[in-house]
Amino acid sequence: TTTLPSGRRPYLAGGIYYDGATKDLKLNTDGQIAGVHPVDEGMALSLSVDAGSIPAAPTTGNKLRQIRYLGSPSLTDDVRSAVLSAFPLSRLVAAGKATVTKIEHRIRNSGLEVTVSYINLVTADPRNVMQHEKRLEWYA
């Protein structure tokens, strides 16, 4: 933990809770924008944003919508590749800040549903890691 010369701990920036399902910021009960840990926000952005859809950050997001043939024998590999190459998810995993524990997919209503389970390694208690597992769902 970093401590300033005054003895105070510095403010650590948090993330803004972006709800991928509604494509909007989430508000808390006070009507304020809800916060979330930056690793969790990075994982959410990686899975809820299409790569190239944000002009100012074209590499942010995933390429799941580029999977065209849902009957492909390589669909499982294609989904796994699209998830693990998503940004900033790939950077967070490479930096040891998160680990993907499970990637599931199924065809639903002529689209693809992908569920990713991960562990935020920055906030996880190593004795109780499964309690910190998060699930994010993405629908094509």
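**View 1. Aspartate 50 and its salt bridge with arginine 65 in the predicted model**. Aspartate 50 is partly exposed, its relative accessible area being 24%, where buried means under 20% relative accessible area, exposed over 50%, and partly exposed in between (1.4 Å probe, protein chains only). Its partner, arginine 65, counts as partly exposed at 37% relative accessibility, and the closest N and O atoms of the two residues are 2.9 Å apart; a salt bridge is a side-chain nitrogen of Lys or Arg within 4 Å of a carboxyl oxygen of Asp or Glu. Both residues lie in the loop between H1 and H2, so the pair ties together parts that are 15 residues apart in sequence. Helices (H or I, at least four residues) and strands (E, at least two) are DSSP runs, numbered from the N terminus. This is a predicted model, in which local features need pLDDT of at least 70 and side-chain atom pairs count only at pLDDT 80 or more, while totals for chains, interfaces and linings use all residues. Residues are numbered from 1 along each chain as its sequence is written, and side-chain values use heavy atoms, with hydrogens and water left out.

**View 2. The salt bridge of glutamate 113 and arginine 106**. The side chains of these residues meet with an N to O distance of 3.1 Å. Glutamate 113 is buried, with a relative accessible area of 7%, whereas arginine 106 is partly exposed, with 46%.

**View 3. The buried side of helix H2**. In helix H2 (residues 75-84), the residues Leu75, Val79, Ala82 and Val83 are buried. They cover an arc of only 100 degrees around the axis, which puts them on the same side of H2; the arc is that of the directions from the helix axis to the C-beta atoms. The cover of these buried residues includes H1, helix H3 (89-94), strand S5 (98-108) and strand S6 (111-120).

**View 4. Serine 48 in helix H1**. Serine 48, found in helix H1 (residues 38-48), counts as buried at 12% relative accessibility. A polar atom of the side chain of serine 48 lies 2.7 Å from the backbone oxygen of alanine 44.

Technical notes
Polar contact = N/O pair within 3.5 Å; in protein donor to acceptor, adjacent residues only side chain to side chain. Contact = heavy atoms within 4.5 Å.
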